[in-house]
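Please go through them with the coordinates open beside the text.

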Amino acid sequence: MATIKAIEAQSVHQIQSGQVIVDLCSVAKELVENSLDAGATTIEVRFKNNGLDLIEVQDNGSGISPDNYENIGANPCARNSALKHYTSKLSSYDDLSRLHTFGFRGEALSSLCALANFHIVTAQANQAPRANKLDFESSGKLQKTQIVAGQKGTTASVEGIFKRLPVRRRELEKNIKREYGKVLNLLHAYACISAGVRFSVKNTVGKTKNVVVFSTNANRTTRENIANVYGAKTLSALIPLDLKLEFEPSASMKRAGGGNKSNQMVVQGHISRPVFGEGRQTPDRQMFFVNSRPCGLPQIAKAFNEAYKSFNVSQSPFIFADFQMDTDAYDVNVSPDKRQILIHDAAALIESLKTSLVQLFETADQTVPQSQV
Ligand code: ADP
Ligand code: MG
């Protein structure tokens, strides 16, 4: 019979990393969220060969303090001393319900070290125009620090993603077109929600270098961002979403100690005008956010589509909907890649949402706009 024995730390790190970074979208998501957490107002995402060779995110955020260089790639397994995750954003479980940053577990960069060639160039304001280039070993250990030229901010570069997980690498190579399409959709969502941030996305395929895929202009509003990404014609076919939802907590929430306090939340964004008749007015894109965090909300998407269908059967709507709610009304800590969000009172929320949407569509101007904005 085989003996039960401990797995080597480096193998554990690799296995766990593959759960944090599951695909190309995870890479882009983690790097862009770090840039937003660092207060960046300019973010450039660069792909080479649709991301297979390189995914690089450059920002003009705070930069990383030299005191933290050693800790960036640190992970629970590479260190024998203690089970510690290194993040500058959270230090205890209680902090989690008050959290306003995207990241908090200190896992992403350490995972990228395990799965790809990873390096960073970073400078704080007082260091520019000198920056530090940091190279990491696959264990997450800082391998080398080198002084290079660089402005305030951080550039994180991921080369050859999944090269240490050959099966996943082959899968990615096979489906790269589809995976790249998914990343662009995700980046559209970040670019549209991030008012005040100039986003640009570039790709180099073969000899065509740095082709701008899309960009936004550091606009003050999500409306203008949507116009930059999806075009003025799309914008002109949208009406504002501005709903205030209030609903009683469900019996199970009360039993779970949630109290009797009624839930309040605001839904802001834009949705296709509920025009009657044929003809596609808007692209078939649906983006959902919780407190500006892009996420999939399948049940909520279903509620939107059902409500819309009773006004327009010929197309599904363009939806851009940000649910703003107390940070203790949901849990982002459901899966290692943080893509799932668990809203504690989803059923009651959905009922209230459906009623509000029907009211909105009933009162909305249903004529097709003639002019473009
Ligand atoms: P988390 O975001 O969960 O804290 P990460 O592994 O994504 O963990 O990042 C580790 C730490 O590195 C962050 O807490 C932050 O201090 C620093 N960091 C990462 N990316 C950036 C960036 N673009 N700008 C400034 N600091 C960064
Ligand atoms: Mg992070």
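**Notes on the predicted model**

1. Helix 1 passes helix 3 in a left-handed crossing. The two helices pack at an angle of about 115°, and their axes are 8 Å apart. Please bear in mind throughout that this is a predicted model.

2. The contact between these two helices can be followed residue by residue: on the side of helix 1 it involves His13, Gln14, Ser17, Gly18 and Val20, which meet Ala108, Ser111, Ala114 and Leu115 in helix 3.

3. Helix 1 itself, residues 9-20, has twelve residues and reaches 17 Å from its first C-alpha to its last, close to the 16 Å expected at 1.5 Å a residue. Which residues of helix 1 are buried? They are His13, Ser17 and Val20, and because they cover an arc of only 55° around the axis, they lie on the same side of helix 1. In an α-helix there are 3.6 residues a turn, so residues three or four places apart point the same way. The buried residues of helix 1 pack against helix 2 (24-37) as well as helix 3 (108-115).

4. Turning to the sheet, five strands form an open sheet in the order 9-10-13-11-12, and their pairing is mixed. Strand 9 (238-247) and strand 12 stand at the edges with a single partner strand each, so one side of each is left without a neighbour in the sheet. Helix 10 (residues 346-363) packs on this sheet, where it touches strand 9 and strand 10, and its direction makes about 140° with that of strand 9.

5. With strand 10 (residues 263-272), strand 13 (residues 319-324) runs antiparallel, and six bridges join the two; Gln268 has Asp322 as its bridge partner in strand 13, while Gly269 stands opposite Ala321. With strand 11, by contrast, strand 13 pairs in the parallel sense over five bridges, and here Phe289 stands opposite Asp322. Is strand 13 enclosed or left open by the rest of the structure? Five of its six residues are buried, so strand 13 is largely enclosed.

6. The peptide bond from Ala128 to Pro129 is cis, with omega near 5°, and Pro129 is found in the loop between strand 3 (117-123) and strand 4 (130-136).

7. Asn49, a residue other than glycine, has a positive phi near 55°, and it lies in the loop between strand 1 (42-48) and strand 2 (54-59). Asn49 is partly exposed, since 14 other C-beta atoms lie within 10 Å.

8. Ser292 likewise has a positive phi, of about 65°, although it is not a glycine. Its place is in the loop between strand 11 (286-290) and strand 12 (293-294), and Ser292 counts as partly exposed because it has 17 C-beta neighbours inside 10 Å.

Conventions: Residues numbered from 1 in each chain as written. Chains lettered and ligands numbered in written order. Predicted model: local features only at pLDDT ≥ 70, side-chain atom pairs only at ≥ 80, totals over all residues. Helix = DSSP H or I, 4+ residues; strand = E, 2+ residues; numbered from the N terminus. Buried ≥ 20, exposed ≤ 12 C-beta atoms within 10 Å, placed from the backbone. Expected span 1.5 Å × (residues − 1). Arc of directions from axis to C-beta. Contact = placed C-beta atoms within 7 Å. Pairing = 2+ DSSP bridges. Axes fitted to C-alpha atoms, helices over the stretch in contact; angles between N-to-C directions. Left-handed = near helix turned anticlockwise from the far one by under 90°.
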